Amino acid sequence: MEDFERNQAEAHNEAGIETALTRLKDDLEKLKDAVYIPALPESIRLKFPEAVDQAADVAQHALEESARRDHSGIMSHLLQNHRINDLQEAK
């Protein structure tokens, strides 16, 4: 999330915000994929993907709440097209 905050702070237009959202989603997907590291105990591997999904849902909700205060509608539009909690499963 710290990277997202830094990327968002550096975003000066729609493309910058879109890039920040895309990077955050990519980071969450990489984190979710980390569960497949064989060194992790099975108890963690079973719970980890759900925990990442929950964190992504919380972040999405917080971003949507923030977007409600953006009267331009830009952030709401970007969040509809770049949902960070729509994570892909590892392949």
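Visitor: Why is R68 called exposed?

Guide: R68 has 55% relative accessibility, and exposed means over 50% relative accessible area, with buried under 20% and partly exposed in between (1.4 Å probe, protein chains only). So R68 counts as exposed. Bear in mind that this is a predicted model, where local features need pLDDT of at least 70, side-chain atom pairs count only at pLDDT 80 or more, and totals for chains, interfaces and linings use all residues. Residues are numbered from 1 along each chain as its sequence is written, and side-chain values use heavy atoms, leaving out hydrogens and water.

Visitor: And what makes E65 and R68 a salt bridge?

Guide: Their side chains meet at 2.6 Å, N to O. A salt bridge needs a side-chain nitrogen of Lys or Arg within 4 Å of a carboxyl oxygen of Asp or Glu, so the pair qualifies.

Visitor: What about E29: how do you know that it has no salt bridge?

Guide: For E29, the nearest side chain of opposite charge, K25, is 4.3 Å away.

Visitor: Why is Q60 called buried?

Guide: Q60 has 2% relative accessibility, so it counts as buried. A polar atom of the Q60 side chain also lies 2.9 Å from the backbone nitrogen of I84.

Visitor: Which label does K32 get, buried or exposed?

Guide: Buried, because its relative accessible area is 5%. The side chain of K32 meets that of D53 in a salt bridge (2.8 Å, N to O).

Methods
Lys, Arg positive; Asp, Glu negative; His and termini not counted. Polar contact = N/O pair within 3.5 Å; in protein donor to acceptor, adjacent residues only side chain to side chain.
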